[in-house]
Amino acid sequence: MKENQNHVQTSELREKVLSWYHQNKRDLPWRLGKDPYQIWISEIMLQQTQVTTVIPYYNKFIKRFPTVFSLSTAEVDEVLSLWSGLGYYSRARALHRAACKVVEEHNGVFPRDRMKLMELPGVGPYTAGAILAIAFDMPEAAVDGNVTRALSRIYGVRNDVTKTHAKKKIDSFAQSLMTGSTPGDFCQALMEFGSVVCRPRSPRCSKCAVNKFCDAFAKGDVEQLPHKPLKTAPKIIVGAAILLSRKQKFLAVKRPERGLLGGLWDLPGGEVRKDERPEAGLRRSLFESLGLVLGGSLEETGRIVHLFTHRKLILYLFRGEINSQRVRRRGFAAHRWVSLKTFLDLPHSSLTAKAFHSLNLKEIS
DNA sequence: AACCCGTGGTG
DNA sequence: TCACCAAGGGT
């Protein structure tokens, strides 16, 4: 037996973590009550996203959509607008579909059932467990990155935690801890403990209330856990986009729902091939996706470097003008000629916001 | 199973 | 600076 779970006193571990939580818990807007709708919204927003980033988005969202019914009757684009800048935009579209499903198939009441919850778009094992534990106080584990890190250290799980074998072990340990009378508190306590004390780097082991149970602390390899494979270097992509005007209006395109920044509005453009100059790639992209042929020269106005999780984008920006060409759209879901103000009101990514900022438009400043 | 999907903080 | 990583899920 490699893991030292025999050394871990489950009840004492639980009490120490809960005690730490009660003394250190943060005041967060989704901790005001136990409305499963609000817990659900917060958990979707918190997927791969830090608490401090989520808070203002959560407050805006709940104010606009206070109930699952109000969300279900909304336009998807308005949901995306409220999500603009938060990232992982498929979450927003899944959220809207899930709201409709809760209303249509469950009369607007969130099911108290893991399998039923996981049938909602965007709700996986973690989120289902979090809703059950936090909103309904059911003894269901919710294993996120914080829990994985804390439990891999405490129980000495030294396998690759991205693999099924280690995940099952962590899940099992997490579920074995869901025994007391306050599953919701303990669920949040364990995550917050992982976030604040059992941190990825510079963990606060000397002040940790449960270090006497911790296998990694005893063996001195806390910062080596959890073990994960090295990430591959991001692929470099070159793109070109243009602020294209026609009679005081500007061309906005809606990206396809699938793929990167799906469903968001953007400047027209596309990928530049390796053997192309940016301007040539832009002209080709505009013809292929929109049927546009731009005469004359284009004004290159800048360049942006933008990092995604596994891609590095080098985006060349241009400005141009056309008179009365008709758009024959193929590569996008929609297009509109709009004022700059309207453009920035459409749901768009931080990359597009950065592009507008880079264009340094006195029209919008 | 492996890859895709954003953004901002952090040391 | 830049690699890591965050209250993961879909395909």
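## A walk through the salt bridges and a hairpin

Start by selecting E12: this residue is partly exposed, with 26% relative accessible area. Keep in mind as you click around that the model is predicted.

K212 counts as exposed, at 58% relative accessibility.

Next, pick R158 and D221. Here the closest N and O atoms of the salt bridge are 2.7 Å apart. This pair also links distant parts of the chain, with R158 in the loop between α9 (145-154) and α10 (164-176) and D221 in the loop between α12 and β1 (235-246). Is D221 buried or exposed? At 15% relative accessibility, D221 counts as buried, whereas R158 is partly exposed at 30%.

Hop over to helix α13 (residues 278-290) and select R284 and E288, which sit four residues apart, about one turn of the helix. Their side chains form a salt bridge of 3.2 Å, N to O. R284 is buried at 17%, and E288 is partly exposed at 40%. Elsewhere, salt bridges with shared partners tie R158, D215, K219 and D221 into one network.

Click E300 to find its bridge partner in β6, F318.

Last stop: E104, E105, D113 and E119, a patch of negative charge on the surface.

How values were computed:
Residues are numbered from 1 along each chain as its sequence is written. Chains are lettered from A and ligands numbered from 1 in the order in which they are written. This is a predicted model: local features need pLDDT of at least 70, side-chain atom pairs count only at pLDDT 80 or more; totals for chains, interfaces and linings use all residues. Side-chain values use heavy atoms; hydrogens and water are left out. Two strands pair if DSSP finds at least two bridges between them. Helices (H or I, at least four residues) and strands (E, at least two) are DSSP runs, numbered from the N terminus. Patches are made of residues with over 30% relative accessible area and no salt bridge: like charges are joined within 9 Å, nonpolar side chains (Val, Leu, Ile, Met, Phe, Trp, Tyr) within 5 Å. Accessible areas come from the Shrake-Rupley method with a 1.4 Å probe; for residues, only the protein chains shown count as cover. A salt bridge is a side-chain nitrogen of Lys or Arg within 4 Å of a carboxyl oxygen of Asp or Glu. Lys and Arg count as positive and Asp and Glu as negative; His and the chain ends are not counted. The place of a charge is taken as NZ of Lys, CZ of Arg, CG of Asp or CD of Glu. Buried means under 20% relative accessible area, exposed over 50%, partly exposed in between (1.4 Å probe, protein chains only).
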